[in-house]
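Here are some notes for someone opening this entry for the first time.

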Amino acid sequence: MNARLLIVEDEVVTRQTLTRLFQQEDYEVFDAADGLQMENIMRQERIDVVIMDVNLPGKNGLELAESLRERDNIGLIFLTGRDSEDDRLLALELGADDYLIKPYNPKELTIRVRNLCRRIEASRNSNPVETDSVQFHFHGWCLNSDSRCLYSPDNQMFRLPKSEYRALELFLNNAGRILDRETLVKRMLDRELRPNDRTVDVAIRRIRRHFESHPETPNLITTIHGEGYRFIGEVTQEAQ
C-alpha cells in the first residue's frame, strides 16, 4: 500500500502544488487548509506523514504538533517560510522529524519524505505484535511500557510521545552506562544522527523537566561532555 500524506497549508496555490508533486510520486495525498480540517481527515483516514506549514489560521502548526506527538508512527515535516532558529528548535522539541524552509527544492523534499516513510514502515514492521507490559520503578517514579505513561512520586501522569518514551526506556534498561547521541537517535527515530542534529538534546531536555519538578530527583540524567548522557538512578523492573 502506498504511503498516505496529509498536506496542511492555507495558501491555495502552494497546497495544490504540493498535492500534485506527491501524487506524481504515487503517494495517496490528502490536503487541509487549517487544523480543524486536519483533525477531521485524521479521524477518518490512516495518515503516514504530515507536511505542515507553521503559519496557519486558528491554531498554528507548532500548536498542532502537540496533538500529533500523541499518535504512534506518524511522521511530521514542517515546510514553512519561518526561518528563525528558535522556531526550528521548538519544532524539533515538539517532535517534528524535519524542518524545511520555503522556497524549497522539490527533489529534496520528495527525498526527505521518502526516507521518512521508509523509517516509519520499518518501525511498524519491527514491532508487529504487542509485547508484555513492563513497569520500571526508580526513585519514586514509574514508567509503564504498555501505556507509555510516566508517573511521578505524587502520582501525576505524563503520557510521553514515542520518541521520548523510547529514549527513557533505553536509559532505564542501561542505567549507569553512557549512551551517545548516535545510539539515542537511532532508538528514538530509527535514523542516523545528522550534522548539527539537536533532536536528542531537546528530547532529553523535555524528559529532564519532569524530574526537575521534584527536588529529590533533579539530576537523574547527567550530561557526559563529549560522550553523551547517562542515567544515574537505581532501576527495578516489574512484569505486568
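Which helix gives the largest share of the lining of the largest cavity? The points below take this up, with the reminder that the model is predicted.

1. Largest cavity, source of the lining. Helix H5 gives the largest share, with four residues in the lining. H5 covers 106-126, and strand E4 (75-80), helix H6 (162-173) and helix H7 (181-189) also supply at least two residues each.

2. Largest cavity, space and composition. The space inside is about 360 Å³. The lining has 21 residues, and those nearest the centre are Asn-73, Ile-74, Asp-97, Lys-162 and Leu-189. By type, the lining holds nine nonpolar, seven charged and five polar residues.

3. Second largest cavity. This cavity holds about 80 Å³ of space. It is lined by 14 residues, with Leu-92, Gly-95, Ser-163, Met-188 and Thr-199 closest to the centre. Eight of the lining residues are nonpolar, three are polar and three are charged.

4. Second largest cavity, source of the lining. Four helices supply at least two residues each: H4 (85-93), H6, H7 and H8 (199-212). Of these, H8 makes the largest share, three residues.

5. Number of cavities. How many cavities of 30 Å³ or more are there? The count is three.

6. A three-stranded sheet. Strands E10, E12 and E11 form an open sheet in that order, with antiparallel pairing. E10 (178-179) and E11 (221-224) are the edge strands; each has a single partner strand, so one side of each is without a neighbour in the sheet. In general, strands of a sheet pair through backbone hydrogen bonds, in a parallel or an antiparallel way.

7. Pairing within that sheet. E11 and E12 (residues 228-231) are antiparallel and are joined over four bridges. Thr-223 is placed opposite Tyr-229 of E12. E10 and E12 also run antiparallel, with two bridges between them. Here Leu-179 has Tyr-229 in E12 as its bridge partner. What lies between E11 and E12 in their hairpin? Three residues do, and Gly-226 in this turn has a positive phi of about 80°. Helix H8 lies across E11 and E12, and runs at about 145° to E11. H8 is also the helix with the largest share of the lining of the second largest cavity.

8. Overall dimensions. The protein chain contains eight helices and 13 strands. Its C-alpha atoms fill a box of roughly 55 × 35 × 30 Å along the principal axes. The radius of gyration is 19 Å, which agrees with a compact globule, because a globule of 240 residues would have a value near 18 Å.

Methods: Residues numbered from 1 in each chain as written. Predicted model: local features only at pLDDT ≥ 70, side-chain atom pairs only at ≥ 80, totals over all residues. Heavy atoms only, no water. 1 Å grid on protein atoms, 1.4 Å probe; cavity = no way out; pocket = protein on both sides within 12 Å on 5 of 7 lines; lining within 4 Å. Points joined across faces, edges and corners; volume = space filled by probe spheres on them. Nonpolar A, V, L, I, M, F, W, Y, C, P; charged D, E, K, R; others polar. Pairing = 2+ DSSP bridges. Contact = heavy atoms within 4.5 Å. Axes fitted to C-alpha atoms, helices over the stretch in contact; angles between N-to-C directions. Rg over C-alpha atoms; globule rule 2.2 N^0.38 Å.
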